[in-house]
Amino acid sequence: MTTTLWAVSDLHAAVKANRPRVEEIVPAHSSDWLIVAGDVAERTELIVQIMASLVQRFDTVIWVPGNHELFARGTDRYTGREKYTDLVNKLRSLGVITPEDPYPVFGGVTIVPLFTLYDYSFRQPTSTVEEALARAREKEIMFTDEVAIAPFVDIRAWCWDRLAYSTRRLSRIEGPTILINHWPLVQEPTDRMWLREAALWCGTRHTRGWGTRYNAQAVIYGHLHMPGVQTIDGVDHIEVSLGYPDEWKRRTDPPAWPYPVMEVGR
Ligand SMILES: [Fe+2]
């Protein structure tokens, strides 16, 4: 018998047409593990409901937040960093492994859930953040993040806090890893985006060398809604997104869903 480590992201479960796709996330064996790389939904109740259903199906479930998990309104009880902390507490009580927990080991490989956000550094090196954002605004490219996350927290400062927290923990790991993050750890996948300026909201240059530095067998991410594998410096960067119905229905040769990252024999 084999045990499989599966991965999904960008479930966007608030979209009704995505619900049958969420139901497809089932293990081959009850001992299988599941990675959920963010953008489950926006409302805490729905995120918890979906994650609770996944916890019932899989032996172990590992989650990292996406930008949609962080969305809030001014009238919400928790916004910004507090919304994240509240989610971590609620998901932990279900038994989900979060970026705040000890890293689990699957077949000798340390599985590392990360939460590094973005700092608008995926831009032309010759322009400042302000110039790059102004250019995006001119082209009417604007992520919902700007009205649903940015009013409640300094995103760049939070990103840099997360980088320091993550490298402190990563540097203590011995042996091979699988790194998980909602946003890509390298800029290359964003080169294929239709709207190049959208890359501003897609990661940080500071994670560029992490795949090799921390001995990653693979990097699992989502966010771009462009599933597939890109090998950079010998490391496979695997996007495991579903995305929105008009995106997944259009795909002619979609990767497996959920995506099998690794198998171990028993
Ligand atoms: Fe996202």
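So, the lining of the largest cavity: three of its residues are nonpolar, four polar and two charged, where Ala, Val, Leu, Ile, Met, Phe, Trp, Tyr, Cys and Pro count as nonpolar, Asp, Glu, Lys and Arg as charged, and the others, Gly among them, as polar. By name, they are Val186, Arg208, Gly209, Gly211, Thr212, Ile232, Asp233, Val235 and His237. Before I go on: this is a predicted model, where local features need pLDDT of at least 70 and side-chain atom pairs pLDDT 80 or more, while totals for chains, interfaces and linings use all residues. Residues are numbered from 1 along each chain as its sequence is written, and side-chain values use heavy atoms, with hydrogens and water left out.

Back to the cavity. Its volume is about 40 Å³, and a search of the whole structure turns up one cavity of 30 Å³ or more. Cavity here means a set of points, on a 1 Å grid over the protein atoms alone, where a 1.4 Å probe fits but cannot get out; lining residues have an atom within 4 Å of a point. The volume is the space filled by probe spheres set on the points. Helix 7 (210-213) and strand 9 (235-239) each give at least two residues to that lining; helices (H or I, at least four residues) and strands (E, at least two) are DSSP runs, numbered from the N terminus.

We have six strands in an open sheet, order 4-5-6-7-9-8, with mixed pairing; two strands pair if DSSP finds at least two bridges between them. Strand 4 (105-106) and strand 8 (228-232) are the edges, each pairing on one side only. Strand 7 (residues 216-221) runs parallel to strand 9, with four bridges joining them, and Tyr221 has Glu239 in strand 9 as its bridge partner.

Now, what coordinates the iron ion? Asp39 (OD), Asn67 (OD1), His182 (NE2) and His223 (ND1) do, at 2.2 Å. Donors are N, O and S atoms within 2.8 Å of the metal (3.2 Å for Na, K and Ca), and water is not among the atoms, so sites may look incomplete. The four donor atoms subtend angles of 85 to 164°, so the arrangement is irregular.

Asn67 and His182 are both buried, meaning under 20% relative accessible area with a 1.4 Å probe, protein chains only.

Note on methods. On a 1 Å grid over the protein atoms alone, a cavity is a set of points where a 1.4 Å probe fits but cannot get out, and a pocket is an open set with protein on both sides within 12 Å along at least five of seven lines; lining residues have an atom within 4 Å of a point. Four donors count as tetrahedral if all angles lie between 85 and 135 degrees; four count as square planar and six as octahedral if opposite donors are over 155 degrees apart and all others between 65 and 115; anything else is irregular. Buried means under 20% relative accessible area, exposed over 50%, partly exposed in between (1.4 Å probe, protein chains only).
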